[in-house]
Amino acid sequence: MTFYVESETDRALPFDAEEVAGKVIAETLECEKCPYEVSLNILLTDNDGIHELNRQHRGIDRPTDVLSFPNVDYDEPADFSAVEENIEDYFDPESGELCLGDIVISVDKVYGQAGEYGHSVRREYAFLVAHSMLHLLGYDHMEPAEAEVMERKQDEILDRLGITRSGQEAACQGER
């Protein structure tokens, strides 16, 4: 697995963003039984930066917490059976890794939503990475049934990592 975390904001996170993202990415890929080595990029920005990207790419003129830019078109979420039919579109020719896409996270929103939900900045960041990873694997939440599936999967990923909404770890670190 290859991933890069790039920051274009001066607002720092109070933990190693790359380490937390790596754990969430790996757990998501394991939960979804991804048979490939993958690559992806994470950009940490501020509300102004994500606002502009949201306006340009989605036509929505306001900041959001996370944007996902998937590279793979799935017939069904996390159905990797058709991926090899498009090797030239989906795989890096040098590394052989499946290029999943890009994640953009507003660090301002991470802090704001952590306060709003009463949990740690780490929990919010991990949640947004898990949420976006599921989008990169073809999941969506436009319909109630889809949203229920995504919510269950996000909870499973974070629970498996011990980044829970309640409990001992949550009490110690203020997790959601």
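This note walks through a sheet, the helices around it and one leucine in a predicted model.

1. Some ground rules come before the tour. Residues are numbered from 1 along each chain as its sequence is written, and side-chain values use heavy atoms, with hydrogens and water left out. Because the model is predicted, local features need pLDDT of at least 70 and side-chain atom pairs count only at pLDDT 80 or more, while totals for chains, interfaces and linings use all residues.

2. Start with the sheet. Four strands form an open sheet in the order β1-β2-β4-β3, with mixed pairing (strands are DSSP runs of E, at least two residues, and helices are runs of H or I, at least four residues, numbered from the N terminus; two strands pair if DSSP finds at least two bridges between them). The edges are β1 (2-7) and β3 (66-70), each with a single partner strand, so one side of each has no neighbour in the sheet. From one strand to the next, the twist averages 15 degrees.

3. Strand β4 (residues 98-106) pairs with β3 in the antiparallel sense over five bridges. Here F69 stands opposite D102 in β4.

4. Two helices pack on this sheet. Helix α1 (residues 17-31) touches β1, β2 (38-45) and β4, and its direction makes about 140 degrees with that of β1. Helix α2 (residues 47-58) touches β2, β3 and β4, at about 45 degrees to the direction of β3. Touching, or contact, means heavy atoms within 4.5 Å; angles run from 0 to 180 degrees between N-to-C directions, and axes are lines fitted to C-alpha atoms, for helices over the stretch in contact.

5. How do α4 and α5 pack? Helix α4 (residues 107-117) and helix α5 (residues 121-136) meet at an angle of about 115 degrees, with their axes 8 Å apart. They are therefore roughly perpendicular to each other (65 to 115 degrees). On the α4 side, V110, Y111, Q113, A114 and Y117 meet V121, E124, Y125 and L128 in α5. By class, this contact has seven nonpolar, one polar and one charged residues (Ala, Val, Leu, Ile, Met, Phe, Trp, Tyr, Cys and Pro count as nonpolar, Asp, Glu, Lys and Arg as charged, and the others, Gly among them, as polar).

6. Finally, find L158 in helix α6 (residues 144-160). Is L158 buried or exposed? L158 counts as buried because its relative accessibility is 1% (buried means under 20% relative accessible area, with a 1.4 Å probe and protein chains only). Not counting residues up to four places away in sequence, L158 touches V24, R123, A126, F127, A130, I163 and T164.

Note on methods
Buried means under 20% relative accessible area, exposed over 50%, partly exposed in between (1.4 Å probe, protein chains only). Angles under 35 degrees count as roughly parallel, over 145 as roughly antiparallel, 65 to 115 as roughly perpendicular and the rest as oblique.
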